Amino acid sequence: MKHHNGIHHITVLAGDPQRNAEFYVNTLGMRMVKKSVNQDDPGTYHLFYGNQAATPGSSLTFFPWPRAVKGEPGTGEAVTVAFSVPENSLQYWQQRLEKKNVQSSDPFTRFGLTVLPFQDPDGLNLELVFEDITDAPSTDREGVVPSQHAIRGFWGISLRLTEKESTASVLQDILGFEETDQENNITRYMTDAPIGGTVLIEITDQQSGKNGRGIVHHVAFRAADEDHLADLRKQVQAKRLMPTEIIDRHWFKSVYYRVPAGVLFEMASDGPGYAVDEDPDHLGEKLILPPWLESKREQIENHLPEITV
Ligand code: ZN
């Protein structure tokens with residue numbers, strides 16, 4: 001497999017920010033790695049959760065809008081977020097979810113791996129994928145889930161599409177994925193990244209969805225640095241996919257484009273990372289604003305509901 005780095009982060013629409021934070025931090029044991037605002041709508045939060053080491057490839061981020069209606073996923077969208085967890089953790093997670101009143105479905109096997117499906121409080125489809133990996137990110141930091149069972153980061157993302165070719169060409173020609181496997185209507189694309197290395201394309205008939213909470217907004221793929229990002233952007237342009245300019249997201253630089261099958265893709269640089277503006281031991285504890293919004297801090301803080309986890 002080509003050496004590329006897979007998924008950088010995934011961003012989803014949520015409802016109530018407090019409920020969202022409780023679920024990802026207290027139930028799933030992820031770490032809030034950044035508490036910030038939506039840079040395109042600074043009156044609302046942008047919440048980032050990751051593994052305890054805040055590794056790229058582990059961050060699931062949310063735009064919570066307390067009054068958002070419940071969404072319905074359709075074709076042309078990313079529909080399921082899968083996390084990688086240690087192979088021997090199935091029983092632990094089934095018991096933990098039950099204790100936290102999260103209903104999970106029966107585990108099943110896909111591509112030889114056990115998968116446990118459930119949903120977050122906004123209806124986002126989640127999966128835990130149980131696998132043995134050797135080069136998993138590690139950290140001394142413990143969350144509420146003991147580290148031998150903890151979420152390592154993403155396993156992958158499932159896209160529900162009516163055809164795979166146009167999206168597969170972006171994954172394979174630009175983002176370093178290779179088609180490795182097929183099972184029923186699902187094709188697996190992989191990079192050799194230990195976390196976030198899989199994209200599944202599930203082919204179905206056209207179904208229209210409804211935007212709202214629980215709907216994936218975009219999927220971001222890793223670029224090594226800004227030069228790599230600029231190079232990837234040129235390759236996207238060469239496919240006539242109309243990428244944005246390089247946008248400074250403060251913790252990374254980003255380029256966005258929609259693939260022809262409908263999913264919004266982003267490419268984001270690994271650096272400078274979530275520790276650029278906070279002590280790495282205390283990520284996510286305070287509201288962090290990008291420098292250009294700092295002058296409006298008081299007004300922004302007064303407007304945002306408090307979150308406690
Ligand atoms: Zn993003």
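**Entry: ground rules.** I note that this is a predicted model, in which local features need pLDDT of at least 70 and side-chain atom pairs count only at pLDDT 80 or more, while totals for chains, interfaces and linings use all residues. Residues are numbered from 1 along each chain as its sequence is written, and side-chain values use heavy atoms, with hydrogens and water left out.

**Entry: the chain as a whole.** I went through the secondary structure and found five helices and 16 strands, taking helices (H or I, at least four residues) and strands (E, at least two) as DSSP runs numbered from the N terminus. I then looked up the radius of gyration, taken over C-alpha atoms, against the globule rule, which is 2.2 Å times the number of residues to the power 0.38. The value is 18 Å, close to the 19 Å that the rule gives for 309 residues, so the chain is as compact as a globular protein of that length. Along its principal axes the C-alpha trace spans about 50 × 45 × 40 Å. Of the 309 residues, 56% are buried, that is, under 20% relative accessible area, with exposed set at over 50% and partly exposed in between (1.4 Å probe, protein chains only).

**Entry: the zinc site.** I found the zinc ion coordinated by NE2 of His9, NE2 of His218 and OE of Glu266, at 1.9 to 2.0 Å. Donors here are N, O and S atoms within 2.8 Å of the metal (3.2 Å for Na, K and Ca), and sites may look incomplete because water is not among the atoms. In sequence the spacing of the donor residues reads H-x208-H-x47-E. His9 lies in strand β1 (residues 7–14) and His218 in strand β13 (residues 216–223), so this pair ties together parts that are 209 residues apart in sequence. Both His9 and His218 are buried.

**Entry: Val37.** I placed Val37 in strand β2 (residues 31–38), where Val37 is buried with a relative accessible area of 1%. Leaving aside neighbours within four places in sequence, I listed the contacts of Val37, among them Pro42, Tyr45, Leu287, Ile300 and Leu304.

**Entry: helix α3.** For helix α3 (residues 165–173) I recorded the buried residues as Ser166, Thr167, Ala168, Val170 and Leu171. These pack against several strands, including β9 (153–161), β13 and β16 (264–272).

Terms used: Contact = heavy atoms within 4.5 Å.
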